[in-house]
Amino acid sequence: MTTIKATCPTCGEVDLTAEDIELRISSTEAGSEYGFECPMCVSLVWKPADARIIQLLISGGVKASVRDEELRRSDAPAFTYDDLLDFHFALESGSILENFLNPA
Ligand SMILES: [Zn+2]
């Protein structure tokens, strides 16, 4: 399992695994952050995550989520089960992938 090094403001560098880290992506880069519970002092640490850190964490297996407030703010309709079915049928028909792979 990949060990991810993070820094606790109290304990300094600590070793974490992907499961220990929560990554929250915001549509504005400055709003993205990652958090973990320090294995040494058990305090919750939140830090800003820039694009490089986000990429690093995701490649290390950290699951990313969209910040709650972003979801609430969104004007776009929610992705429903019907949308999923439409997507499934579109893929099954083959034309979407063909068009994607062999653009006219
Ligand atoms: Zn600590």
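# Briefing: a zinc site, a hairpin and a helix face

Among contacts in the protein chain between residues at least 6 apart in sequence, 42% join residues at least 24 apart. The model is predicted. Its protein chain has a mean pLDDT of 84, and 80% of its residues reach 70 or more. A zinc ion is held by four cysteines: C8, C11, C38 and C41.

**Overall layout**

- The protein chain contains 4 helices and 6 strands.
- Along the sequence, these elements follow the order β-β-β-β-β-α-β-α-α-α.
- The chain has 104 residues, and buried residues make up 25% of them.

**The zinc site**

- Which atoms coordinate the zinc ion? They are the SG atoms of C8, C11, C38 and C41, at 2.3 Å.
- The 4 donor atoms subtend angles of 108 to 112° around the zinc ion, so the arrangement is tetrahedral.
- For comparison, the ideal angle for four tetrahedral donors is 109.5 degrees.
- Along the chain, the donors are spaced as C-x2-C-x26-C-x2-C.
- The pair C8 and C41 links distant parts of the chain, 33 residues apart. C8 sits in strand β1 (residues 4-8), while C41 sits in the loop between β4 (33-37) and β5 (44-48).
- C41 has a relative accessible area of 32%, so it is partly exposed.

- V42 has a positive phi of about 60°, although it is not a glycine.
- Most residues other than glycine have a negative phi.
- V42 counts as exposed because its relative accessibility is 53%, and the cut-off for exposed is over 50%.

**The β1-β2 hairpin**

- Strands β1 and β2 (residues 12-16) run antiparallel and are joined by 5 bridges.
- A hairpin of 3 residues connects β1 to β2.
- K5 has D15 in β2 as its bridge partner.
- Side chains alternate along β1. I4, A6 and C8 point to one face and are buried.
- G12 belongs to β2. Its relative accessible area is 24%, so G12 is partly exposed.
- Leaving out residues up to four places away in sequence, G12 touches A6 and T7.
- G12 and C38 are 26 residues apart along the chain, and their C-alpha atoms are separated by 9.8 Å.

- E33 is part of strand β4. Its relative accessibility is 18%, and buried means under 20%, so E33 counts as buried.
- Setting aside residues up to four places away in sequence, E33 touches E22, L23, R24, W46, K47, P48, A49 and R67.
- V45 is part of strand β5. At 6% relative accessibility, V45 is also classed as buried.
- Where do the contacts of V45 lie, not counting residues up to four places away in sequence? V45 touches T7, C8, P9, Y34, G35 and F36.
- The C-alpha atoms of V45 and G35 are separated by 5.4 Å, with the two residues 10 apart along the chain.

**Helix α1**

- Which residues of helix α1 (residues 51-59) are buried? They are I53, I54 and L57.
- Seen down the axis of α1, these buried residues fall within an arc of 100°, so they line one face of the helix.
- The other side of α1 carries exposed residues: R52, Q55, L56 and S59.
- The cover over the buried residues of α1 includes β1, β3 (21-25), β4 and β5.
- Just after α1 comes G61, with a positive phi of about 100°.

Definitions and conventions: Residues are numbered from 1 along each chain as its sequence is written. Side-chain values use heavy atoms; hydrogens and water are left out. Donors are N, O and S atoms within 2.8 Å of the metal (3.2 Å for Na, K and Ca); water is not among the atoms, so sites may look incomplete. Four donors count as tetrahedral if all angles lie between 85 and 135 degrees; four count as square planar and six as octahedral if opposite donors are over 155 degrees apart and all others between 65 and 115; anything else is irregular. Helices (H or I, at least four residues) and strands (E, at least two) are DSSP runs, numbered from the N terminus. Buried means under 20% relative accessible area, exposed over 50%, partly exposed in between (1.4 Å probe, protein chains only). Two strands pair if DSSP finds at least two bridges between them. The arc is that of the directions from the helix axis to the C-beta atoms. Contact means heavy atoms within 4.5 Å. pLDDT is the predictor's confidence in each residue, from 0 to 100.
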